[in-house]
Amino acid sequence: MFIGVLFALAAGMMWGLIFVGPVIIPDYPAALQSTARYLAFGLVALPLAWADRRRLRHLSKADWLEALKLTVIGNLLYYFCLASAIQRTGAPVSTMIIGTLPVVISVAANLFYGREEGQLSWRKLTPALLVIALGLVLVNIAELTANVVPVDPWHYGSGLALAVIAVACWTWFPLRNARWLRKHPATRPATWATAQGVVTLPLALLGYVAVCGQLSATDTAFRLPFGPRPEVFIPLMIAIGVLCSWIGSLCWNEASQRLPTVLVGPLIVFEILAGLTYTFLLRQAWPPLLTIAGIACLIAGVIAAMRVKPGGPKAQI
């Protein structure tokens with residue numbers, strides 16, 4: 001279990017980088033960033049798939065279909081919504097909304113897998129949820145008061161909605177992914193991460209071409225195919241594709257195969273804390289007191305949620 005937690009920590013440190021990408025290239029549409037990141041992921045997966053081709057042959061059609069579902073919802077849709085949300089609300093607000101994942105995933109695991117892994121007490125879990133909600137309110141207030149540019153309510157509100165959709169995507173993905181890995185202990189986590197990269201490549205390529213076509217028709221000033229700053233865009237997408245998509249997925253798969261599903265959710269907090277740290281390092285500034293208070297509420301809420309002990313499972317597997 002200790003090794004599993006270390007792998008989850010490593011995955012969180014990798015995944016935290018995704019929150020700074022949209023901040024570095026805010027002039028790039030979220031759809032272009034999403035498809036480019038996973039295009040890089042797919043290209044990296046090709047030589048890895050060739051090296052691991054013997055193990056990949058053992059995957060069934062159902063396994064490849066599962067990998068496709070996971071990559072569409074947990075990769076492409078999730079990152080598109082997240083990047084769009086960050087561009088509309090700012091990285092700290094979106095990061096804090098994503099910060100509800102530890103508890104949201106725990107609640108989902110409680111609802112869908114509690115029969116197998118034990119039920120959490122709703123009475124004991126509710127105070128933790130309220131503390132996290134307070135943290136979200138504090139960070140939103142801090143960002144809105146610090147923003148000297150007038151906020152468009154529709155623009156900001158749509159960003160919040162997209163962040164919520166991203167939470168839904170990433171609530172479904174780790175639970176589904178963890179359950180598949182626990183049911184297939186003979187499959188190496190690295191093989192499963194590579195399989196997801198392989199199925200991502202054609203989708204990301206089609207998506208990138210489609211986005212470029214849409215931009216050529218609606219924004220003739222945008223330079224295609226790599227935008228106005230290719231010297232920044234291309235290395236950034238490659239770095240995110242390798243570090244976040246493949247190495248992050250590999251570490252998370254290792255953790256998921258070692259840890260029970262109900263423990264997977266709280267460990268997402270490593271991604272949130274890493275994302276906030278990277279964001280303020282990029283700003284070269286300390287977070288304001290309200291943001292610090294919000295982060296403290298997030299950590300306190302997650303710790304409180306983790307201390308809630310599940311009851312006895314109704315059925316053992």
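The model is predicted, so local features need pLDDT of at least 70 and side-chain atom pairs count only at pLDDT 80 or more, while totals for chains, interfaces and linings use all residues. Residues are numbered from 1 along each chain as its sequence is written, and side-chain values use heavy atoms, with hydrogens and water left out.

**Aromatic pairs**

The whole structure holds ten aromatic pairs; rings of Phe, Tyr and Trp (its six-membered ring) pair if their centres lie within 6.5 Å, and planes under 30 degrees apart count as stacked, over 60 as edge-to-face and the rest as tilted.

Select Y28 and F222, an edge-to-face pair with 5.5 Å centre to centre and 85° between the planes. Y28 is in the loop between α2 (21–24) and α3 (30–51), and F222 is in the loop between α10 (189–218) and α11 (230–258), 194 residues apart. Helices are DSSP runs (H or I, at least four residues), numbered from the N terminus. Both Y28 and F222 are buried, meaning under 20% relative accessible area (1.4 Å probe, protein chains only), with exposed over 50% and partly exposed in between.

Select next Y38 and Y79, also edge-to-face: 6.4 Å centre to centre, 85° between the planes. Y38 lies in helix α3 and Y79 in helix α5 (residues 61–89), so this pair ties together parts 41 residues apart in sequence. Y38 is buried at 2% relative accessible area, and Y79 is buried at 0%.

**Charges over rings**

The criterion is NZ of Lys or CZ of Arg within 6 Å of the ring centre and within 35 degrees of the ring normal. Then select R53, which lies over the face of W50 at 4.1 Å from the ring centre.

**Ring cluster**

Finally, select W15, Y78, W170, F173 and W252, which ring pairs link into a cluster.

How values were computed: Helices (H or I, at least four residues) and strands (E, at least two) are DSSP runs, numbered from the N terminus.
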